[in-house]
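Have the structure open as you read.

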Amino acid sequence: MSHSATTDYFTNRRTIRRYTDQDVPQELLEALIAQAAHAPTTGNMQLYSVISTRSLEMRTALSPLHFNQPQVIGAPVILTFCADLNRFSAWCAINEADPCYDNMQSFIAAAIDTIAFAQQFNTVAELAGLGVCWLGTTTYNAPQIAQLLELPELVVPMITLTVGYPAEEGTDVGRLPVEAIVHKEKYEPWTNDRISNMYSEKEAREDSQKFVSENGKKTLAQVFTDIRYPRANNEHFSEIFADFLKQSRFTK
């Protein structure tokens, strides 16, 4: 792929939430997963697994665990990407090596591997003509998802992708400017003026103004803090996930 084509893909990519009835062939899915598995990993351990869900029964069961987002039912394939120390530990055990991966450092390594793997799949799937939606709701209900998918100890669901052929073009949601992201040599402190300038374009978008209006708020920031990701929810789901990590033997 040429540099210009690569640039066009990344700057123009869209999240797809509506899909056609066309199935995703298993051979294509596995080929894309094989490509995604070449993503960077920690020590070449590949500390991840992915659960493929196709049946309407299982998609229906997963739907409320993702807060009934319609794409969970509407997509032909749901992929749950899991941080997985179970397989690697089992390999160590049968080869006269003492597994030592039931700890937070190992979980973080597996989480990093899993997200890199999931993102690489996202990219190769879109380049193959598929549409993908990244669901950040997986860790909110990790215990219930793990139970439904029969995940063993040392396996934690991290991210879910809905996959299918696009029935829409998707929406450009906008992104912060590079200056809001890059710090040179050291982290540069933010002044109020700089912060306001970096978020001004995002705040001025028509969809952002709609979010503010329909939620009865004064600012876009209040939509995030009061409606979308309020403190009470963050603390509630943090407690659930922390307890699940303990049950999975990653914390004491």
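Gln46 comes out as partly exposed, at a relative accessible area of 29%. This is a predicted model, so take that as a computed value. The residue Gln46 sits in the loop that links helix H2 (26-36) and E1. Its phi is near 50°, which is positive even though the residue isn't glycine. For context, most residues other than glycine have a negative phi.

## Another one at Glu185

Glu185 also has a positive phi without being glycine, with a value near 70°. Look for Glu185 in the loop between E4 and helix H8 (192-204). Its relative accessibility is 82%, so Glu185 counts as exposed, the cut-off for that being over 50%.

## Strand E2, wrapped up

Now for strand E2, residues 77-84: eight of its eight residues are buried, so the rest of the structure largely encloses it. In a regular strand, side chains alternate between the two faces of the sheet. Here both faces of E2 are covered. One side carries Val77, Leu79, Phe81 and Ala83, the other Ile78, Thr80, Cys82 and Asp84, and all of them are buried.

## Who pairs with E2?

Which strands are joined to E2 by bridges? One is E1 (residues 48-53), which runs antiparallel to E2 and is joined to it by six bridges. Within this pairing, Thr80 of E2 has Ile51 standing opposite.

The other is E4 (residues 155-164), also antiparallel to E2, with eight bridges between them. Here Asp84 has Val155 in E4 as its bridge partner.

Conventions. Residues are numbered from 1 along each chain as its sequence is written. This is a predicted model: local features need pLDDT of at least 70, side-chain atom pairs count only at pLDDT 80 or more; totals for chains, interfaces and linings use all residues. Side-chain values use heavy atoms; hydrogens and water are left out. Buried means under 20% relative accessible area, exposed over 50%, partly exposed in between (1.4 Å probe, protein chains only). Helices (H or I, at least four residues) and strands (E, at least two) are DSSP runs, numbered from the N terminus. Two strands pair if DSSP finds at least two bridges between them.
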